[in-house]
Amino acid sequence: MLTVQMDTEKANKAITSNTLAGTMKSVFDRIKPEAAYFGAMDGMRTGYIVFDLKEPSDIPTIAEPFFQDLGAKISFVPVMNFDDVQGGLQKFGSN
């Protein structure tokens with residue numbers, strides 16, 4: 001899961017210049033998120049984006065538009081769906 005906390009000034013500028021949607025779309029077209037939610041965290045516009053990270057080497061191409069265009073704070077957290085948890089527990093039980 002990718003969490004994107006956008007710098008308020010840069011995000012305001014991206015909204016008024018109509019570039020925020022383009023930045024998001026450029027990343028979303030590449031990562032094809034399973035889900036994306038938006039809200040506020042720590043007083044900042046924040047996106048919570050669930051997607052399948054195929055290769056760790058993809059991280060720069062995902063993060064850089066958010067860093068450069070929005071001055072964002074980024075975090076990547078590995079998450080699983082319920083099927084993944086079940087499969088992992090089955091593997092654990094067979095050890």
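1. Let's start with a term: a contact means heavy atoms within 4.5 Å. By that rule, threonine 3 touches Thr46, Gly47, Tyr48, Lys73, Ile74 and Ser75, leaving aside residues up to four places away in sequence.

2. Before going on, a word on the source: this is a predicted model, where local features need pLDDT of at least 70, side-chain atom pairs count only at pLDDT 80 or more, and totals for chains, interfaces and linings use all residues. Residues are numbered from 1 along each chain as its sequence is written, and side-chain values use heavy atoms, with hydrogens and water left out.

3. Back to threonine 3, which sits in strand β1 (residues 2-5); strands (E, at least two residues) and helices (H or I, at least four) are DSSP runs, numbered from the N terminus. Threonine 3 counts as buried because its relative accessibility is 9% (buried is under 20% relative accessible area, exposed over 50%, partly exposed in between, with a 1.4 Å probe and protein chains only).

4. Now for methionine 80, in the loop between β4 (73-76) and α4 (82-93). At 59% relative accessibility, methionine 80 counts as exposed.

5. How many salt bridges does the structure hold? There are two, each a side-chain nitrogen of Lys or Arg within 4 Å of a carboxyl oxygen of Asp or Glu. Lysine 25 pairs with aspartate 29, with the closest N and O atoms 2.8 Å apart. These two are four residues apart in helix α2 (residues 20-31), so about one helical turn separates them.

6. The other salt bridge joins aspartate 52 and lysine 54 at 2.9 Å, N to O. Aspartate 52 is partly exposed at 46%, while lysine 54 is exposed at 60%.
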